[in-house]
Amino acid sequence: MSEDMNISDILTEQIDRLFSNEITAKVWAAAEDGNFATALWQEITAMGVTSALVCESAGGAGLSWVDVEPVLRLCGRHAAPVPLGETMLAAWNLANAGLEIPEVPLAISPSVWQLDVKGRVSGIDPLIAWAPQLEYVVGVARSAGKQHICLLRIADIQAIALQTYERIPAAKLNIEHVVPVQIGDAPHIGKLGLKPHLATLRSVQMAGALDRILALCVEYGNTRVQFGKPIGKFQAIQHMIAELAGHTAAAQVAGLYACRQIATGIPADAEFGAAIAKTRLGSAATRATAIAHQVFGAIGVTDEHQLHYFTRRLWQWRAEAGSEHEWAQYLGRQAFDAGSAMLWDRLARHAAA
Amino acid sequence: MTTPFNFQPLELPAELLTLRREVRAFLADASSEWTGRDVGHSWTGFNREFSLEVGRRGWIGMTWPKRYGGHERSGLERYVVVEEMLAVGAPVGAHWFGDRQSGPLLLRMGTEAQRERFLPLIAQGKAAFCIGLSEPDSGSDLASLRSRATRVDGGWRLNGRKVWTTNAHLCDVMIGLFRTGGPAETEKHKGLSQFLIDMRASGIDVRPIRDLTGEAHFNEVTFDDVFVPDDMLVGREGEGWAQASAELAFERSQPDRYMSCFPLLPPAMDKLQELRLDDRLAERRLGESIAEMVVMREMSLSILGQLEAGRSPGQEAALVKDLGNTYEQRMPELVRELIDAPARINPDDRLSDLLGFLTQTVPTFSLRGGTREILRGIIAKGLGLR
């Protein structure tokens with residue numbers, strides 16, 4: 001157990017150093033222009049982090065979602081222009097299904113596809129980040145009440161390029177009778193497929209982006225002088241940044257909470273955790289982006305400043321894998337169905353399992 | 001990776017479920033007669049009989065040593081009891097302040113004689129404590145307080161006034177902060193001391209302050225040459241500021257900082273379902289509320305874990321109180337948004353009674369325990385902005 005912790009700490013530190021050194025505004029801009037950060041990706045794979053969640057028997061590090069949460073958060077903190085979290089998640093699913101993991105960056109789908117009797121997959125994915133640049137997408141397909149993990153070749157699918165807030169290449173996928181490259185069982189995956197897992201990934205990334213935004217705001221508050229003193233000395237600015245700090249702290253707790261729920265291995269926990277995190281992170285992102293742009297004034301909305309690389313991603317991620325409103329509705333419906341007498345019990349989450 | 005705060009998770013062990021069920025069963029029975037207004041009072045509700053019963057069951061002073069009437073149970077067990085009480089809006093006011101603040105203060109700073117005398121009484125629900133901090137000219141700016149304790153033969157003479165003292169008219173003992181050193185102008189934080197004050201001592205006058213709900217649970221307490229013997233000084237003379245600040249840090253992170261309005265949600269859900277208004281809007285609003293509360297509870301539990309480990313997460317506690325107050329203040333409005341409540345308070349209708357009371361009470365939530373703006377100043381300072 002403590003050995004796992006060590007691997008997790010070392011990995012986190014290595015990734016933080018790599019991202020701090022390599023990810024610059026130039027790298028972000030290049031990615032948004034459609035150039036995949038190949039050199040950065042090679043360094044990431046050399047560290048073995050893409051298979052961090054994969055069990056040791058399948059050649060991975062066997063870390064838990066809780067162990068890798070800091071790495072996923074760093075993807076947000078640095079707005080890493082590579083699908084690291086998605087690939088980790090895809091590899092974890094492939095390994096759990098006893099499938100081989102291609103050594104390339106992977107996309108994951110939050111939709112649940114249909115598997116027909118001839119073993120062909122059909123379905124629609126409204127938005128898959130990175131899809132136009134990747135070879136494979138991993139998702140869940142259902143047939144006669146049974147779920148399967150599938151690896152599909154994106155070249156076999158009609159992909160329609162989309163514009164997004166973050167401007168990372170993305171596409172809508174129209175999957176029609178596609179034969180999977182690989183298919184296997186889907187243990188630990190519930191009716192919602194990989195949507196809770198992607199929602200959790202996006203939540204943790206958002207927590208990282210909020211963390212960075214808070215750091216940027218504090219730094220700017222201490223250096224930007226107006227009316228003869230740093231703006232951070234003005235009470236109005238202090239209160240705005242203090243509110244931002246509250247949302248950032250809640251975001252971090254919410255993201256980790258969702259990872260802890262996935263780590264129990266019970267689909268209902270993973271769904272509840274994702275719903276809590278995505279809902280809380282959505283409102284945090286909404287308020288935080290407003291505060292940050294107000295603190296930075298006009299400079300924050302210019303292309304030269306790095307702030308927008310984080311605020312645009314927050315707007316993107318809060319909408320992906322189910323918006324905060326959609327997940328809130330899910331939570332509310334569950335609560336109504338369980339009845340008011342069960343509300344506190346559900347919140348205290350003490351009777352579960 | 002550095003973040004300016006620490007919120008390591010704390011998982012409540014499954015064994016606590018037995019205690020939780022025990023408390024729940026007791027409360028299900030005890031709450032049958034409570035009105036909406038009673039439930040709205042929650043931790044300010046004063047009910048001596050209820051506190052005596054809670055004391056008999058061993059749920060006050062749970063973590064204290066047995067030799068002081070405590071039960072040597074864990075902070076986690078206490079937490080379970082506290083949140084179960086708040087979830088149903090139990091009237092815990094008669095033992096709340098002693099259990100949460102004064103008892104722990106005496107355990108940390110009190111003399112052996114003070115502990116032996118007061119702790120067993122608090123744990124039995126027999127001694128109700130109030131906290132004498134604010135004064136007419138000192139609210140959140142506590143360091144400016146002027147009420148004075150002057151040395152006399154064998155003790156001290158207290159003179160001055162305390163305000164906003166919750167339930168002072170019903171309490172047995174006050175822990176009051178008084179100036180024992182130089183004046184507020186020159187010695188702000190220095191020269192303040194805490195005293196255990198018998199509320200029946202001569203020279204004490206308690207005047208109720210009626211509030212906008214029509215009730216008078218706040219009080220103005222006047223001290224006119226009140227004698228306090230030497231052995232009722234708490235901790236060290238002149239150290240009262242640091243002692244009171246430590247108490248506040250603890251107070252700010254507890255479930256009472258986000259659960260005060262929780263009892264409003266279940267009857268609101270019932271009404272929504274009864275009126276078939278549990279639609280998309282209601283689902284979303286309820287879901288948001290659930291998500292926010294679950295996350296806040298995780299934060300609060302994390303702070304408990306840190307306190308248990310001997311750390312003092314003052315910054316984190318301030319964050320929780322700021323988020324918590326915003327959350328609980330929004331609750332009556334959230335209910336109004338979903339249910340068209342008429343412009344009358346109907347005491348026979350639990351939801352109407354509760355909503356009416358809380359609508360008029362929530363403005364105080366971001367005042368008590370440190371004004372929101374003061375807390376945001378503390379947070380900003382922790383972030384390195386001042």
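Tutor: Happy to! Domain bounds here come from an automatic or database domain assignment. For chain A, that assignment gives domain 1 (7-185) and domain 2 (194-350). Please keep in mind that this is a predicted model.

Let's start with the overall layout. Taken over C-alpha atoms, the centres of domain 1 of chain A and domain 2 of chain A are separated by 22 Å. Where they meet, 32 residues of domain 1 of chain A are in contact with 30 residues of domain 2 of chain A. The size of an interface is often given as the accessible area lost when the parts come together. Between domain 1 of chain A and domain 2 of chain A, the buried area is about 2900 Å², and carbon and sulfur atoms give 66% of that area.

Now for the polar side of the story. There are 4 salt bridges between domain 1 of chain A and domain 2 of chain A. Polar contacts between domain 1 of chain A and domain 2 of chain A come to 8 residue pairs, with both residues at pLDDT 80 or more.

Which elements build the domain 1 side? At least two residues each come from α2 (25-32), α4 (65-77), α5 (84-96), β1 (106-115), β2 (121-129) and β3 (136-143) of chain A. Of these, α4(A) gives the most to the side of domain 1 of chain A that touches domain 2 of chain A, with 8 residues.

Definitions and conventions
Residues are numbered from 1 along each chain as its sequence is written. Chains are lettered from A and ligands numbered from 1 in the order in which they are written. This is a predicted model: local features need pLDDT of at least 70, side-chain atom pairs count only at pLDDT 80 or more; totals for chains, interfaces and linings use all residues. Side-chain values use heavy atoms; hydrogens and water are left out. Contact means heavy atoms within 4.5 Å. Buried area is the accessible area (1.4 Å probe) that two parts lose on being put together, summed over both. A salt bridge is a side-chain nitrogen of Lys or Arg within 4 Å of a carboxyl oxygen of Asp or Glu. A polar contact is a pair of N or O atoms within 3.5 Å; within protein, one must be able to donate a hydrogen and the other to accept it, and residues adjacent in sequence count only if both atoms are side-chain atoms. Helices (H or I, at least four residues) and strands (E, at least two) are DSSP runs, numbered from the N terminus.
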